[in-house]
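Let's walk through this one together, from the overall make-up to the packing inside. Have the model open as you read.

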Amino acid sequence: MDLPEGIEYREFDGEERLATRGEPVYGEPTAEGWRAWDARRSKLGAMYERGMEPGLQNGDRVLYLGAANGTTASHVADVARVVYAVEFAARPMRDLVDVAGTRDALVPLLKDARKPASYGHVVEADLDVLVQDVATRGQARVACANRRFLADDGRLAAVVKARSEDTVRDPEAVFEDALDHLRNEYRVLETKRLDPFHADHLAVVAEPR
Amino acid sequence: MTEGWFAGLAPDDPATRDRIRDGSADEPADWPALAVEDGFVADEDDYYATLHDTATEAARTAATERERADDRQVIHAIRAMDDTERMANELAERVAEWAGSRSDDAGTGVEFCRELAHEDADDPTGERVRSLAGRAVALDDERAALETFLERALPAVAPNLTALAGPTLAARLLSLAGGLKSLARTSSSTVQLLGAEEALFAHLRGTAPSPKHGVIYVHESVRGTRPEKRGSAARALAGKLTIAARIDHYAGDRRPALDDELADRIAQIRSNTEATDGSA
């Protein structure tokens, strides 16, 4: 797999690790201006480790849903032209705002990803990538509702967390339902489980239909 | 309506922040190009720089406001929890007295109400006693649900204070101080005595010894320390709780080192058999 410009495997303490270039954010190891991208703390990082192609390119415009405290969003902002980082919870937003202080490309938005109209006046149309890591029920519905921001040749890189949909149902069944729902708006290109980095998470790369 | 957050405004107008927070548009548009076209900014770079600064400021103020609002919710919940507990116990007392007049093997307390609520009543009076017991049980269930709510809500509102004090005591301190901001601005000696106001005023009137602790008495660090050392333990605990509240209000990140410092200090107080007790 070819990694996009700005994302590389670099050596940290004798170990080859995925990395981007920027100021460290969460105590990750750094070397020569590069910072290790910890796949155990980042589902997008785990997607790269699993050989998937989320479609992120240098200079892209990105909508990131479920940015939490900005661990992954900071890596995306190292590569992208602009990252609209949507997070619903007030507590992690404090950290996300601090991360935005170190990265001009990061635009933090305290909004509900289930209500795209509440940020439609800020987030621009025809974006290159939609990254989604929301931990609410109806994760596929959220991806479909946010299709409006994506260019026709854009990419969706989403993670479906089985336990956020249903704590007792078999994860496989949960994933099948989510994929069925996604197919209303997207063509699914590849799916992979993120074990051992993240248990019971299905990563999905898709393009708009 | 499809209008960008910048429509009709200048980049330095504070109303841009409010627009980001409260505005909406059903469909997105090429906002950077429109902003240049409108003369809001000179070029795309300028647009992204302005958006970054404005959105960051909007997110910061909105998050702070939301969190402040959350500490109010916690205060309502702990007061409601105390109300339901008091009312459940009062009703349980009434039930015990009434049931005791009808049967020699009647028990007491909410647990007895729980048993009684499941029994079949064989006459109209028994039915009233059974029904009343059911009300006490329902109130006790509500108390438990409020406690669970607090356990979930407190770590988000005050992570360090909750780690040190536990959710219930943390909520009580917030309630007595009137919120996280006030608690963060309260001196450690006041935190030590929050909830002991009656005893403090009795002391100031000269009719009682000075109180050594208020609600923090329920903390294991104080209650589990032998009586002659409890003043020291209470002072040490209040000091750490005050620092925790300040970190929670002004910084917001979790600092586990505080927990260890408190544990070390309490261990030191408990092992120190000489009367020479250093200040916390």
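Buried residues account for 41% of the 280 residues in chain B; keep in mind that this is a predicted model. The surface of chain B comes to about 14700 Å², with 49% of that supplied by carbon and sulfur atoms. As for secondary structure, chain B has 13 helices and zero strands. Among its contacts with a separation of 6 or more, 58% are between residues 24 or more positions apart.

Now look inside. Nonpolar side chains tend to be buried together in soluble globular proteins. Here the largest nonpolar core has 45 residues, and those touching the most other members are A:L63, A:L65, A:Y84, A:L109, A:Y119, B:Y47 and B:L51. Helix 3 of chain B (residues 44-102) gives this core its largest share, five residues. Pick out A:L65 and set aside its neighbours within four places in sequence: its contacts include A:V86, A:Y119, A:L130 and A:V142. Another core, of 40 residues, lies apart from the largest one, and its members include A:M47, A:Y48, A:A157 and B:A63.

Back in chain B, find helix 4 (residues 109-117) and helix 5 (residues 124-157). Their axes come within 8 Å and cross at roughly 125°. On the helix 4 side, the contact is made by B:V110, B:C113, B:R114, B:L116 and B:A117, while helix 5 brings residues including B:V129, B:A133, B:V137 and B:D141.

Key
Residues are numbered from 1 along each chain as its sequence is written. Chains are lettered from A and ligands numbered from 1 in the order in which they are written. This is a predicted model: local features need pLDDT of at least 70, side-chain atom pairs count only at pLDDT 80 or more; totals for chains, interfaces and linings use all residues. Side-chain values use heavy atoms; hydrogens and water are left out. Helices (H or I, at least four residues) and strands (E, at least two) are DSSP runs, numbered from the N terminus. Buried means under 20% relative accessible area, exposed over 50%, partly exposed in between (1.4 Å probe, protein chains only). Contact means heavy atoms within 4.5 Å. Accessible areas come from the Shrake-Rupley method with a 1.4 Å probe; for residues, only the protein chains shown count as cover. A nonpolar core is a set of buried Ala, Val, Leu, Ile, Met, Phe, Trp, Tyr and Cys residues joined through side-chain atoms within 4.5 Å. Axes are lines fitted to C-alpha atoms, for helices over the stretch in contact, and angles run from 0 to 180 degrees between N-to-C directions.
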